[in-house]
Amino acid sequence: MSEIENRGYVHPEVLVSTDWVANHLNDPKIRIVESNEDPLLYPSGHIPGAVEVDWTRDLNDPVRRDYLGKDGFQALLRRLGITKDTTVVFYGDKNNWWATYASWVFHLFGHDNSKIVDGGRIKWLNEGRPLTKDVPSYPPSDYVAAERDDKRFRAFRDQVLAHTNAKKPMIDVRSPAEYSGERLHMPDYPNEGALRGGHIPGAKSVPWAKAVNPEDGTFKTADELRALYEREAGLKPDDDVVVYCRIGERSSHTWFVLRNLLGYNQVRNYDGSWTEWGNLVGVPIER
Amino acid sequence: MAVPEKLTQTLDLLGSIADRSERIQLLIDLAGRFEEVPPRLAQRPYPETAQVPACESEAYIFPEPRPDGTLDFHFAVENPQGISAKAMAVILDDTLSGAPLEQVAEVPSDIVYDVFGRELSMGKSMGLMGMVGMVANLAKKRVEGAGAGA
């Protein structure tokens, strides 16, 4: 049994170690995808054979605040040479914030044949593993995308309003200062894109980074995660849970943890998050 | 208020590079020139007062007065993956250290979009804008302090 399997996750197969990646660099059934917040990181050096998926350029609609549609997703996956049978292995900076975000968007289109590299980019670097600046080119695929399904993994504001009114569980994964609303009033802080500070009523605060080990960015064990989300925040595996942050990126990390590592079947990411809720007229806010 | 001359030159240079990957390579090269704040000025753990608000790369800024009354700006970036923060630090040091304080105080934070382009995440742009804003604030406080002492 591998070290990851020993951690007790419900779906350990969604995580791979850096060793596993090193042994699959030339595996044609695998496409390694780097997704970062920092646009300079991938060009400065990446895992050999890895392609880049950039959140702003590749996954967002260029005009509306929304994700790309079926045609855009299909074009993206064809360009990256990904087929329905390709296992997409995501990794990135910020302990995989953006890797889980990209993975979440792929899930909206039903491409759930994906994994996350435990520890992300920083672990690969700290282990002294090779990086390259060579950008690989793969033969385009004939990928046929499904329509985006926003029902299963995504929550919209009206649904979140109904969710909070029904007193269903929610997790706010932002920092405590954002959760309390204090940061919006801190001097010298730039505007966070919201007119009001605080959190959605009923949401429990569990900052996203608590799910990872600070020393190497790997995910905590299932027992440690249950202590965090179940014993401290009161969640139960059968709960209908909504997670949110500022724009839905950090909360995709928590979505990944709850859905895949702890096996929750009903977890939705509210990507409108605080930049929407904190600007809405008339919605309830708690401080 | 005029923008510091060296900053204008750097922004013009970056703006003249139409190819995105070329501009990114230039910024990566700039980040490679990053030098941490000298130990004579600051040592770990760096004080919270020097930490850039909203910067998730844990950037710190340390002003050092020059004999002519202007400021040198020194930086620390604690996130080993904070390559954009390092590039921004090099640009701010190259273009604003020694520049007239009244001009530095008026440098707008949104120059980060001229440097990196519009395709920045909200968190990244806030952190980089926080660096520019903090440098401008340090210059502004220095100007106000000189005024109060006159």
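These legends accompany close-up views of a predicted model.

**View 1. Helices α5 and α10 of chain A pack against each other.** Helix α5 spans residues 93-108 and helix α10 spans residues 250-261. Their axes lie 8 Å apart, at an angle of about 70°. Angles of 65 to 115 degrees count as roughly perpendicular, so α5(A) is roughly perpendicular to α10(A).

**View 2. Residues at the contact of α5(A) with α10(A).** From α5(A) come A:N96, A:W97, A:T100, A:Y101, A:S103 and A:W104. They meet A:R250, A:S252, A:H253, A:W255 and A:F256 of α10(A). Sorted by class, five residues of this contact are nonpolar, five are polar and one is charged.

**View 3. The contact between chain B and chain A.** Chain B contributes 25 residues and chain A contributes 19 residues. On the side of chain B that touches chain A, the elements giving two or more residues are α2 (20-32), α3 (83-96) and α6 (122-149). Helix α6(B) gives the most, with eight residues. This side of chain B has 13 nonpolar, 10 polar and two charged residues.

**View 4. The fold of chain B.** Six helices and two strands make up the elements of chain B. Their order from the N terminus is α-α-β-β-α-α-α-α. The radius of gyration of chain B is 15 Å, close to the 15 Å from the globule rule for 150 residues, so chain B is as compact as a globular protein of that length. Along the principal axes, its C-alpha atoms fill a box of roughly 50 × 35 × 25 Å. Of the 150 residues of chain B, 39% count as buried. Among contacts in chain B between residues at least 6 apart in sequence, 67% link residues at least 24 apart.

Terms used. Residues numbered from 1 in each chain as written. Chains lettered and ligands numbered in written order. Predicted model: local features only at pLDDT ≥ 70, side-chain atom pairs only at ≥ 80, totals over all residues. Axes fitted to C-alpha atoms, helices over the stretch in contact; angles between N-to-C directions. Helix = DSSP H or I, 4+ residues; strand = E, 2+ residues; numbered from the N terminus. Parallel < 35°, antiparallel > 145°, perpendicular 65-115°, else oblique. Contact = placed C-beta atoms within 7 Å. Nonpolar A, V, L, I, M, F, W, Y, C, P; charged D, E, K, R; others polar. Rg over C-alpha atoms; globule rule 2.2 N^0.38 Å. Buried ≥ 20, exposed ≤ 12 C-beta atoms within 10 Å, placed from the backbone.
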